[in-house]
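Hello,

Please find the structure below. My notes on it follow.

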Amino acid sequence: MTNAILTGLMLGGMYALIAMGLTLQYGVARIMNLSYGEFLIAAAFASHWLFTGWAVSPFVGLALVVPAAFLLNFIVYKLLLTPLVRRAPNRDALEVDSILATFGLTFVIQGSMLALFGGAYYSYSFLAFPVQFLGETVAANRLAALGITILLGLVLYLALTRTRAGTAVRAVAVDPFAAQLVAINVPQASALTFALGGALVAAAGVLVSTFLTFSASSGVVFTMKALIVVVMGGVGNMLGCLVAGLALGLSESLVASYVDPGLTLAVNFALFLAVLLVKPAGLFGRATR
Amino acid sequence: MNARAAGLGVLALAALVLLAFVPRLGNAYYLALAISLLQYTVLATAWGMFSGPTRYVSLATTAFFGIGAYTVAVLGEILPWPLVLLIAAALGAFVAAIVGLSTLRLSGVYFVIFTFGLTELIRQLVVWFEVNKSRVLGRYVFVDITQADIYWQLLALTAAVFLLGWLIARSRLGFALRVIGEDETVAKHCGINTTFAKVALFTISATVMTLVGAIMAPRWTYIEPSIAFNSMISFQVLIMALLGGAHRLWGPVLGAVPLTLLFELLSARFPNTFTIILGCIFLLIVYMLPRGVAGLFEKLSATAGGKATGRVAA
C-alpha cells in the first residue's frame with residue numbers, strides 16, 4: 001500500500017511538472033498546444049543522445065536542453081503562432097487555429113523523430129540503483145526526478161508570485177486587453193511565457209527519460225495527460241496543476257497495482273469526466289461563463 | 001425547389017449511376033483506388049457535417065472508424081451482414097452520444113481534448129478486454145464480401161450522406177447549428193437547445209464514420225487494435241475536410257479527392273517521411289487556406305460577380 005502511494009506520488013509529481021508548462025502556454029499565451037508531448041519526447045531523445053553518445057549526465061543535460069528548448073519554442077511562437085494570433089478576431093478563433101496548427105506540428109515533429117530514431121523503444125540506465133526512502137525501496141533516479149520537480153515547481157511559483165515579471169504574466173493570464181492598459185507588452189510576455197512553458201516541458205522530458213522507456217510515437221499520451229491535468233486543475237493555475245497531477249498519479253498507481261495496469265488511461269478519463277461534471281472550470285478554476 | 005437545384009439533383013443522380021459501374025471495369029487497382037476515394041469522401045463529409053457549422057474540431061474520426069471495423073472483426077462471422085452493420089452503427093451512435101453529452105455541454109476545448117484521447121482510450125479498453133477476457137489479440141475477418149461489394153456499399157453510403165447533409169442543412173436543426181457556429185450565446189438566447197443540436201449532429205456524423213469502418217473491415221483479412229485504431233485516419237480526414245472547406249456540404253469532397261490521390265502517391269514514394277510531408281501540407285492549408293478551396297471559390301466568384309455584373313454571388 002505504502003509503495004503504491006509512494007509510486008503514485010512520484011508519478012503525480014511528474015504529471016504536475018509536465019502540465020505546468022502547458023498551463024503556462026494555454027493559460028497565458030492562449031495557445032492550445034497539441035504538439036506538447038512531442039516536445040517532451042524530443043527532449044528525452046536529446047538527453048538520451050547526450051548520455052549515450054557523449055556521456056553527459058542528464059542533470060548537466062538539463063542545462064543544455066532547457067535553454068535550447070526555450071529558444072526553439074520562442075522561435076516557434078514568433079514564426080508559427082504569431083500570424084495566428086494576429087489573424088484571430090477573438091479568443092475562440094485563436095483556440096481553433098492553434099489547435100489545428102499545433103496538431104499539424106505534432107505530425108511534423110513525430111515524423112522527424114520516426115525518421116531519425118525509428119519506432120523502437122529507447123531507455124538508458126542512469127542512477128538505477130535502489131535506495132531506502134520512508135521505509136520503502138525506490139529507484140534513485142525516480143527520487144532525484146521528484147526532487148528536481150519540486151525544486152522547479154517552487155522556483156516557478158515564487159517567480160510568478162514574487163517578481164514583477166511574474167505579476168505581469170499573471171495579469172496577461174487574467175485579461176490580455178486590460179494588461180495592455182497598465183503598460184504590459186502583451187505579445188512579448190506571451191511569447192516569453194510560451195517559451196518558458198516549452199523550457200519546462202523539455203526539463204520534464206529529460207527527467208522522464210531517466211526512468212521511463214520512450215519511443216518516437218509516445219508523445220500523444222503525455223500531451224493527453226498534461227491536458228487532463230491542466231483542465232482538471234483549472235487553466236493557468238499552478239496549485240491546481242500540482243493537486244490534479246498528484247490526484248492523477250495516485251489514482252493511476254492505485255488502479256495499476258490493485259485493479260489492472262491496462263486500465264490506467266480509462267481511469268484518467270473517468271477522473272477527468274467526473275471533475276468536468278462537478279466543476280466544469282476545474283478544481284481551482286474560477287467560473288468565467 | 002428551383003430549376004438549378006433540380007438540375008444539380010439530376011446531375012448527382014447521373015454521376016451516381018455512372019460511378020456504380022466502376023467495378024465492371026475489371027481493374028483491381030482502380031477499384032481499390034475508388035474505394036479509398038469513397039472512404040475518405042464519406043469520412044471527410046461526415047466530419048464536415050458536424051465540425052463545419054459548429055467549428056468544434058473533432059479529432060476522434062479514428063475512434064469511430066475503429067469501433068466499426070472492430071465490431072465486424074468480432075461479430076462478422078457470427079451474425080448476418082446487415083445485422084452486423086446495424087450493431088456497429090448503434091455502438092458508434094451510443095459512444096458518440098455519451099461523449100457528446102458529457103463534453104458538448106461545456107466549452108469547445110474540453111470536447112477537443114476528449115476527442116484527442118478518445119481513440120487511445122478505446123484502443124486501450126479493447127486491448128485490455130481482448131487480453132484479459134476473450135484472450136485473443138488480433139482477429140481474422142472471413143466474411144463473404146468482395147471488393148466490389150465494399151465499393152457499392154460505400155457508394156450507397158456516400159449518396160446517403162449527401163442526401164442527409166442536404167436535408168439537415170434545410171431543416172431547423174441545420175439552421176440552429178449555423179447560429180451556434182456564429183455565436184453560441186446568441187443561439188441560447190434565441191431559445192435554441194444548443195446541447196441537443198450539437199449532440200444530435202455529432203451522433204449522426206459519428207454513426208456514419210462507424211459505418212465506414214464496418215464496411216471497410218473486410219478489406220483487411222486480419223484486424224488488431226493498432227490497425228483498426230490508426231490515428232493517421234483522423235489526421236488525414238481532418239486535412240481533407242479543411243482543404244476542401246468544411247463550412248459547405250460539398251467542400252470536403254474537393255479536399256478528399258485530390259489528397260487521397262496525393263497520399264496514395266506519397267506513401268508509395270516516400271514511406272519514411274510520409275508523416276512529415278503530411279504535417280507540412282496540413283500546416284500550409286491552415287495558414288494559406290483557412291476557409292479551404294470552397295472558401296476560395298466563394299471569394300473568387302464574389303469578386304468576379306461584383307466586378308462583372310454586380311449580382312450577388314450564389
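To begin with one residue: does Arg55(B) count as buried, exposed or partly exposed? Arg55(B) counts as partly exposed because it has 18 C-beta neighbours inside 10 Å; a residue is buried if 20 or more other C-beta atoms lie within 10 Å of its own, exposed if 12 or fewer, and partly exposed in between, with C-beta atoms placed from the backbone.

Before the rest, the conventions. This is a predicted model, in which local features need pLDDT of at least 70 and side-chain atom pairs count only at pLDDT 80 or more, while totals for chains, interfaces and linings use all residues. Residues are numbered from 1 along each chain as its sequence is written, and chains are lettered from A and ligands numbered from 1 in the order in which they are written.

Backbone: Arg55(B) lies in the loop between α2 and α3 (61-75) of chain B, and its phi is positive, near 60 degrees, though the residue is not glycine. (Helices are DSSP runs of H or I with at least four residues, numbered from the N terminus.) Arg30(A) also has a positive phi, of about 60 degrees. Arg30(A) sits in the loop between α1 (2-27) and α2 (36-54) of chain A, and it counts as buried because it has 22 C-beta neighbours inside 10 Å. Most residues other than glycine have a negative phi.

Helix packing: in chain B, α2 (residues 28-54) and α6 (residues 147-170) pack at an angle of about 25 degrees, their axes 9 Å apart. Axes are lines fitted to C-alpha atoms over the stretch in contact, and angles run from 0 to 180 degrees between N-to-C directions. α2(B) is therefore roughly parallel to α6(B) (angles under 35 degrees). The residues of this contact divide into 15 nonpolar, six polar and no charged. Here Ala, Val, Leu, Ile, Met, Phe, Trp, Tyr, Cys and Pro count as nonpolar, Asp, Glu, Lys and Arg as charged, and the others, Gly among them, as polar.

Interface: 30 residues of chain B are in contact with 33 residues of chain A, contact being C-beta atoms, placed from the backbone, within 7 Å. α5(B) gives the most to chain B's side, with 14 residues. That side divides into 20 nonpolar, eight polar and two charged residues.

Core: of the 182 residues in the largest nonpolar core, Leu40(A) and Val229(A) touch the most other members. Such a core is a set of buried Ala, Val, Leu, Ile, Met, Phe, Trp, Tyr and Cys residues joined through C-beta atoms within 7 Å.

Regards

How values were computed. Helix = DSSP H or I, 4+ residues; strand = E, 2+ residues; numbered from the N terminus. Parallel < 35°, antiparallel > 145°, perpendicular 65-115°, else oblique. Contact = placed C-beta atoms within 7 Å.
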